[in-house]
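Me: I have a model to read and would like a guided tour. Where do I start?

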Amino acid sequence: PIPSSCLVSYDCYPPGLPSPSPPRAVTRIKNLTEGVPNCIGMRIGVKTRGCNGLSYTLDYAEKKEKFDEVVAQDGINIYIDKKAQLSILGTEMDYQETKLASEFVFNNPNISGTCGCGESFSV
């Protein structure tokens, strides 16, 4: 089972077991944050918008806010905004590239509905 402290998918293994190369999301976050002044990681939040209520936000984190939850994995830090913590509890994050798009994808077990375009969700 994946530990609850793991946000970025496919690389949470019990200590002592070998893990595969870092997941695509870890690699992409490292690339995005490398060389960005004052950046200490990425911040994930949720915002009210879209036809189904909530949408994910992803931004550079320059400091840890008072109630942020921090997930450290494979040399990256993800700061989860306090307003988003219950909405994304247990969520796995991946990064996918296709011929038409490249994007972070969230596998959220708490979702009760999504809109047709996939941009918003409800819990």
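**An arginine in a strand**

Reply: Start with one side chain: a polar atom of R43 sits 2.6 Å from the backbone oxygen of K63. This is a predicted model, in which local features need pLDDT of at least 70, side-chain atom pairs count only at pLDDT 80 or more, and totals for chains, interfaces and linings use all residues. Residues are numbered from 1 along each chain as its sequence is written, and side-chain values use heavy atoms, with hydrogens and water left out.

Me: Which side chain makes a polar contact of 2.2 Å with the side chain of R43?

Reply: A polar contact is a pair of N or O atoms within 3.5 Å; within protein, one must be able to donate a hydrogen and the other to accept it, and residues adjacent in sequence count only if both atoms are side-chain atoms. Here the partner is D68.

Me: Is R43 buried or exposed?

Reply: Buried means under 20% relative accessible area, exposed over 50%, partly exposed in between (1.4 Å probe, protein chains only). R43 has 16%, so R43 is buried. R43 belongs to strand β1. Contact means heavy atoms within 4.5 Å. Leaving aside neighbours within four places in sequence, R43 has contacts that include T57, L58, D59 and Y79.

Me: How many helices and strands does the protein have?

Reply: Helices (H or I, at least four residues) and strands (E, at least two) are DSSP runs, numbered from the N terminus. The protein has one helix and eight strands. The order from the N terminus is α-β-β-β-β-β-β-β-β.

Me: Why do the buried residues of α1 line one face of the helix?

Reply: An α-helix has 3.6 residues a turn, so residues three or four places apart point the same way. In α1, the buried residues are A25, V26, I29 and T33. Seen down the axis, they fall within an arc of 100° (taken from the directions from the helix axis to the C-beta atoms), so they line one face. Their cover includes β1, β2 (54-61), β3 (69-73), β4, β5 and β6.

Me: Which residues touch the most other members of the largest nonpolar core?

Reply: Nonpolar side chains tend to be buried together in soluble globular proteins. A nonpolar core is a set of buried Ala, Val, Leu, Ile, Met, Phe, Trp, Tyr and Cys residues joined through side-chain atoms within 4.5 Å. The largest one has 17 residues; I29, I78, I88, M93 and F104 touch the most other members. At least two core residues come from each of α1 (24-33), β1 (41-48), β4 (76-80), β5 (92-97) and β6 (102-107).
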